[in-house]
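Trainee: I have a structure open and would like to walk through its architecture. Can we start with the sheets and then move on to the helices?

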Amino acid sequence: MSQHAKKAETFIANEARTDWHDASLWMVREKRDRASKSITEWEALRQMGSDIKDHVLANLDTYLVQFEENALQNGVQVHWAADAAEHNAIVQSILDKHQARRVVKSKSMLTEECHLNQHLEKNNIEVIDTDLGERIIQLLDEPPSHIVMPAIHLKKQEIGDLFHEKLGTEAGASDPQYLTEAARQHLRQKFQACDAAITGVNFAVAETGGVVVCTNEGNADMGVHLAPVQIHCMGIEKIIPRWQDLGVFTRLLARSATGQPITVFTSHYHRPEPGKAMHIILVDNGRSKQLGREKFRNSLKCIRCGACMNTCPIYRRSGGHSYGYTVPGPIGSILTPGIDLKKYSDLPFASTLCGSCSDVCPVKINIHEQLYWWRQEIAKENALPAAKRWSMRLAGWTLAKPSRYDRMGKLARWALRILPRFITYNQMNTWGKGRELPEIPKQSFKEWYTKNKS
Amino acid sequence: MNARTTILQAIRQNKPEAKERPSFPQEPTGSRTDLLSTFCSQLLTVGAEWVHEEEMGDWSVFLSNYYKNAHRIVTTVPAIQAAGIDMLHETNEAHDLWDIDVAIVEGTLGVAENGAIWLPEDPLPHRVLPFITQHLIIRLHRKNLVANMHQAYENLSYEGLGFGLFVAGPSKTADIEQSLVKGAQGARTALVVLYI
């Protein structure tokens with residue numbers, strides 16, 4: 001069985017909890033619907049977001065160079081990292097130069113992707129994730145299960161127990177207001193003592209050389225403005241051409257993500273404060289390679305809103321951890337095979353291909369089509385599990401000729417009637433888990449039609 | 001070969017055919033009253049409150065009524081000088097700011113569609129002020145409203161900008177079971193004072 005299915009099986013073992021998870025995410029999807037429908041030009045806005053990103057991908061080199069030029073002029077130090085290891089080494093060297101040992105970090109999927117925390121901790125640097133959800137899973141030593149709501153899989157009682165153990169809150173207390181206040185006090189101490197701040201980047205504007213970070217908690221800014229050195233880590237695809245383009249993306253992002261009209265804070269960092277240092281790290285880590293895959297390149301348009309996760313019937317019922325990658329859900333399932341086709345070969349199959357992800361995507365990525373295309377790539381690379389490989393070959397052979405199809409149908413109708421259950425529902429038949437076949441008809445539709453057409 | 005060269009070369013090799021940069025749509029701007037009423041209702045949506053300055057009465061009386069437990073109230077707006085409010089001048093010392101209960105700042109542009117207000121860096125004595133304060137009050141001229149984010153960016157200039165911020169309501173989180181809690185890491189409340 002594939003990794004995703006195996007892990008999902010553990011997740012759905014608790015039915016009440018699965019339903020709760022499903023409902024929580026569907027609620028966010030409904031908020032997104034209301035927010036998007038409040039804007040009459042929503043569809044045109046999506047098209048524009050998509051067009052701008054297409055334009056960026058076609059001119060990515062030029063815009064990166066322009067961005068670098070303007071950032072340098074603003075007094076920002078710009079670094080380039082070909083892969084995760086190089087990115088982590090650059091962060092490390094900046095911290096060393098500033099003798100920084102206590103780092104506060106706001107949400108960044110890129111640093112998750114690069115396993116920056118683990119790298120820094122190994123080198124005796126304290127890294128505190130300051131987004132509440134991220135802090136919760138950091139204290140639990142778990143990866144995020146969602147890119148916007150990292151702790152969406154946890155119950156408040158579990159968070160209460162965790163905070164009791166780690167932050168000394170009252171035993172059994174699980175009121176979100178109380179727990180959030182405890183985290184606020186705890187994190188304010190960390191902000192007060194920090195030597196450096198690291199953030200992700202939502203948008204980097206070529207025309208201005210500045211980066212834009214969106215948060216609801218204000219945690220990115222607490223760190224950035226209090227620390228003597230600020231480091232912004234970004235994938236190279238985060239570039240947008242103009243200051244004006246921010247109008248399009250700030251309208252799309254929060255509405256798609258949580259149904260808010262805009263995030264509480266939209267911060268534009270252009271220059272360091274006098275006496276302080278500002279660094280931006282541009283990271284490739286497989287992105288330029290993905291750019292070369294014609295069918296899959298537009299996965300790089302993603303603005304990380306998480307809408308495709310909230311709407312996905314598989315994600316909602318299997319949880320983010322079952323995907324085994326930093327970015328789970330539909331978008332993760334089209335990004336991962338490009339990173340390691342064999343390792344993630346099951347993810348494009350963790351989908352019903354219903355297309356809901358593509359319908360809600362604010363930059364119109366054809367996610368469900370790419371899921372389907374990746375399946376073909378995976379079959380070509382011989383990376384399917386044996387049961388699926390043989391059943392697909394058999395199906396292909398059967399469907400290739402009408403006469404063969406008729407014969408096989410007859411054989412199946414006969415076999416399914418007479419074979420004992422333990423053979424029909426054997427272990428190879430993963431479809432039969434939790435599903436029952438309908439009553440087997442005596443004849444095919446074709447036979448019935450030929451007989452009755454007059 | 002260094003990373004910069006490697007990355008740029010790979011992009012040049014792999015990038016798709018050039019595509020036109022799309023132009024922006026023209027939209028109706030709406031009348032002033034529409035803007036104001038939309039803006040005010042959006043402020044409530046994002047968890048902020050609002051009041052007209054001419055209706056709120058004397059600043060010091062208002063503040064002592066609404067922020068009863070506040071010990072330290074600071075302003076960066078020269079127009080508001082009242083008993084018990086300190087004018088805050090430029091400071092590099094963030095630890096001077098940790099005990100601020102209420103900070104009054106001036107916004108320069110409000111966006112009707114989402115209640116966001118632009119705070120430029122210049123009048124702020126320290127960039128962290130709008131975040132570190134327990135309660136935030138933003139003063140905004142009623143004529144400085146635009147319909148949406150396209151118009152907002154059109155009206156704002158990035159020339160010489162070091163830091164700038166759109167703020168829409170108080171700091172909040174829903175990271176615990178999707179329950180909305182105000183006052184995550186930044187200001188616990190946000191009040192917008194509209195004047196003319």
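Trainee: What is the strand order in the open sheet of 8 strands?
Mentor: Bear in mind that this is a predicted model. The order is S8(A)-S5(A)-S6(A)-S9(A)-S9(B)-S6(B)-S5(B)-S8(B), and the pairing is mixed.

Trainee: Which strands sit at the edges of that one?
Mentor: Strand S8 (239-240) of chain A and strand S8 (145-146) of chain B, each of which pairs on one side only.

Trainee: And how does S8(A) pair with S5(A), in what sense and over how many bridges?
Mentor: Strand S5 (residues 203-205) of chain A pairs with S8(A) in the parallel sense, over 2 bridges.

Trainee: Which residues of chain B lose the most area to chain A?
Mentor: B:Tyr153, B:Ile176 and B:Gln185, which together make up 12% of what the chain B side buries.

Trainee: New topic, the open sheet of 6 strands. What is its order?
Mentor: S1-S10-S7-S4-S2-S3, in chain A, with parallel pairing. Strand S1 (77-81) and strand S3 (126-129) of chain A are at the edges with a single partner strand each, so one side of each has no neighbour in the sheet. From one strand to the next, the twist averages 20 degrees.

Trainee: How many bridges join S1(A) to S10(A)?
Mentor: 5 bridges, and S1(A) runs parallel to strand S10 (residues 277-283) of chain A. A:Trp80 stands opposite A:Leu282 in S10(A).

Trainee: What does helix H4 of chain A lie across?
Mentor: Helix H4 (residues 60-73) of chain A lies across S1, S10 and strand S7 (229-235) of chain A. H4(A) runs at about 150 degrees to S1(A).

Trainee: Now helix pairs. At what angle do H3(A) and H12(A) pack?
Mentor: Helix H3 (residues 42-58) and helix H12 (residues 245-257), both of chain A, pack at about 120 degrees with their axes 10 Å apart. That angle is why H3(A) is described as oblique to H12(A). The crossing is left-handed.

Trainee: Which residues meet there?
Mentor: From H3(A), they include A:Trp42, A:Leu45, A:Met48 and A:Ile52. From H12(A), they include A:Asp245, A:Val248, A:Phe249 and A:Leu252. By class, the contact of H3(A) with H12(A) has 7 nonpolar, 2 polar and 5 charged residues.

Trainee: And H8(A) with H9(A), at roughly what angle do the axes cross?
Mentor: Roughly 70 degrees, with the axes of helix H8 (residues 132-140) and helix H9 (residues 156-167) of chain A coming within 10 Å. That makes H8(A) roughly perpendicular to H9(A). H8(A) passes H9(A) in a left-handed crossing.

Trainee: Who touches whom?
Mentor: A:Leu132, A:Ile136, A:Leu139 and A:Leu140 in H8(A) meet a set in H9(A) that includes A:Ile159, A:Leu162 and A:Phe163. The contact of H8(A) with H9(A) counts 8 nonpolar, no polar and 1 charged residues.

How values were computed. Residues numbered from 1 in each chain as written. Chains lettered and ligands numbered in written order. Predicted model: local features only at pLDDT ≥ 70, side-chain atom pairs only at ≥ 80, totals over all residues. Heavy atoms only, no water. Axes fitted to C-alpha atoms, helices over the stretch in contact; angles between N-to-C directions. Helix = DSSP H or I, 4+ residues; strand = E, 2+ residues; numbered from the N terminus. Parallel < 35°, antiparallel > 145°, perpendicular 65-115°, else oblique. Left-handed = near helix turned anticlockwise from the far one by under 90°. Contact = heavy atoms within 4.5 Å. Nonpolar A, V, L, I, M, F, W, Y, C, P; charged D, E, K, R; others polar. Pairing = 2+ DSSP bridges. Buried area = accessible area lost by both parts, 1.4 Å probe.
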